[in-house]
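Reader: I would like to learn how to read a protein model. Could we go through one together, feature by feature?

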Amino acid sequence: MIKINENYKKLQASYLFSDIAKRVGRFQQEHPDKSIIKLGIGDVTRALPAACIQALHAAVDEMASDSTFHGYGPEQGYDFLREAIAKGDFQSRGCLIEGEEIFVSDGAKCDSGNFQEIFANDIRVAIPDPVYPVYVDTNVMAGRTGAAAEGRYTGLVYLEGNKDNGFIPELPSEPVDLIYLCFPNNPTGATATKAQLKAWVDYAKANKALILFDAAYEAFIQDDDLPRSIYEIEGAQEVAVEFRSFSKTAGFTGTRCAYTVVPKACTAYTASGEPVSIHGLWNRRHTTKFNSVSYPVQRAAEAVYSDAGRAQVKELVAYYMNNARYIREQMEALGYDCIGGENSPYIWIDAKGDSWAFFDKLLLNAGVVCTPGAGFGRCGEGYVRISAFNSFENVQQAMNRIKEVL
């Protein structure tokens, strides 16, 4: 008799964005004449940068000739992209990251969900609340938690974010082994200073813990004093793995390309306390379960680091950040407290009540889709997230509709 992984039965009823899609789909079926503006899921709407398109076309042309055809590539990614990433995203900011410490993949969501596989099941895991659901659900699937009770799983250490701490959680009050952090934060848009990140790095070093640092939205940071990478903090290479993506930076949500940084100095331990290279463990897992991103897509990603690519990406980011600024200004003018929208494409709004009720009000009365904060954890209740990823014209229309119903 084939048996299931019983941990899957612990998962709460639905993945947040699937639930939202079902509600929106139901509304569209019942009101086929009403247009919907989606400011919920963080999916980009503008075309890929021209430099990336040109590189993609050139790489596809290479695939059309036997002499320039590319078959299986290195599982870790082609050196031309790994080196461009190391120089462009890290060495340019004084971070001593080498190309061979970069692992190219098809998404930061995949990597942030999969990385926990290389650790023991009895580790103590600390997860922020509110939080991107993947961090929680993949640890539930792995069997590191008990059942859900009142919106939380027993066995996890929840790091609470709230209005009082600006949604920047405090250090855990008990020892933990694995820590998830995301800055700029999804869903709240909160950003951490170098001093705040240093406290986490110091904690990890003192407790022989590891930080999984999701920096998928670093390109949206406008304040030069804020760190874009955890490796800007001294000692972070020993205790942190960083996830990045081209999805929001350059519009690769449908093209699929991301990468994970695993410094060679990063260390985990056997049950007897012997140090083990995390880089080596991840390399073994990655090469066993992944066959790399396609050659044309990696060439397109490489083009992000060209002079033209950088300028075009900067323009894309500025476009979405103008949307974010506008949304925040309009919501604040309506009397709603907000964070985010200044160094992040997300605006986190105090809904002054039940977050799903606010979601339904905007959907049913304004035809606008947001994301209810309750789907991100207990501390997200009472808030909603609005995404800046859409055209400015749609954002303006959405805010006009919202004004009429709030």
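Reader: Of the contacts in the protein chain with a separation of 6 or more, what percentage is accounted for by residues 24 or more positions apart?

Author: This is a predicted model. Residues 24 or more positions apart account for 73% of those contacts.

Reader: How many helices and strands does the secondary structure of the protein chain come to?

Author: The protein chain has 12 helices and 17 strands. Its radius of gyration is 21 Å, close to the 22 Å that the globule rule gives for 406 residues, so the chain is as compact as a globular protein of that length. The C-alpha trace spans about 60 × 55 × 55 Å along its principal axes.

Reader: Which residues touch the most other members of the largest nonpolar core?

Author: The general idea first. In soluble globular proteins, nonpolar side chains tend to be buried together. In this model, the largest nonpolar core has 135 residues, and those touching the most other members are Phe-115, Ile-179, Ile-211, Phe-246 and Phe-252. Helix α10, residues 307–333, gives the most to this core, with 8 residues.

Reader: What does Ile-211 touch, not counting residues up to four places away in sequence?

Author: On that count, Ile-211 touches Ile-179, Leu-181, Trp-200, Val-201, Ala-204, Ile-230, Val-239, Ala-240 and Val-241. Ile-179 is also one of the residues that touch the most other core members.

Reader: How many salt bridges does a search of the whole structure find?

Author: Again, the general idea first. Side chains of opposite charge can pair when their charged atoms come close. The search of this structure finds 22 salt bridges. One of them joins the side chains of Arg-23 and Asp-360, at 3.2 Å from N to O. Arg-23 lies in helix α1 (residues 16–30) and Asp-360 in helix α11 (residues 355–366), so the pair ties together parts that are 337 residues apart in sequence.

Reader: Are Arg-23 and Asp-360 buried or partly exposed?

Author: Arg-23 counts as partly exposed, at 22% relative accessibility. Asp-360 is also partly exposed, with a relative accessible area of 26%. To count as buried, a residue must be under 20%.

Reader: Where do Arg-244 and Asp-89 lie?

Author: Arg-244 forms a salt bridge with Asp-89, and their closest N and O atoms are 3.9 Å apart. Arg-244 lies in strand β9 and Asp-89 in helix α3 (residues 79–90), so this pair ties together parts that are 155 residues apart in sequence. Arg-244 and Asp-89 are both buried. They also belong to a network of salt bridges that links Asp-89, Glu-218, Arg-228, Glu-242 and Arg-244.

Reader: Where are Lys-163 and Asp-337, whose side chains meet in a salt bridge?

Author: Their N to O distance is 3.0 Å. Lys-163 is in the loop between β6 (156–160) and β7 (178–182), while Asp-337 is in the loop between α10 and β13 (338–340), so the pair links distant parts of the chain, 174 residues apart. Asp-337 counts as partly exposed, at 44% relative accessibility.

Reader: Now some single residues. Is Ser-245 buried or exposed?

Author: Ser-245 is buried, with a relative accessible area of 11%. Ser-245 is found in strand β9, residues 240–245. Its side chain reaches the backbone nitrogen of Ser-247 at 2.9 Å. Leaving aside neighbours within four places in sequence, Ser-245 is in contact with Ala-108, Ala-216, Cys-257 and Ala-258.

Reader: Where is the place of Glu-238?

Author: Glu-238 is in the loop between β8 (210–214) and β9. Glu-238 is partly exposed, with a relative accessible area of 41%. Not counting residues up to four places away in sequence, Glu-238 touches Lys-205, Ala-265, Cys-266 and Thr-267.

Reader: In which helix is His-279 found?

Author: His-279 is found in helix α8, residues 278–289. His-279 is buried, with a relative accessible area of 12%. Its contacts, leaving aside neighbours within four places in sequence, include Glu-100, Phe-103 and Cys-266.

Terms used
Residues numbered from 1 in each chain as written. Predicted model: local features only at pLDDT ≥ 70, side-chain atom pairs only at ≥ 80, totals over all residues. Heavy atoms only, no water. Core = buried A, V, L, I, M, F, W, Y, C linked by side-chain atoms within 4.5 Å. Buried < 20%, exposed > 50% of the residue type's maximum accessible area, 1.4 Å probe, protein only. Helix = DSSP H or I, 4+ residues; strand = E, 2+ residues; numbered from the N terminus. Contact = heavy atoms within 4.5 Å. Polar contact = N/O pair within 3.5 Å; in protein donor to acceptor, adjacent residues only side chain to side chain. Rg over C-alpha atoms; globule rule 2.2 N^0.38 Å. Salt bridge = Lys/Arg side-chain N within 4 Å of Asp/Glu carboxyl O.
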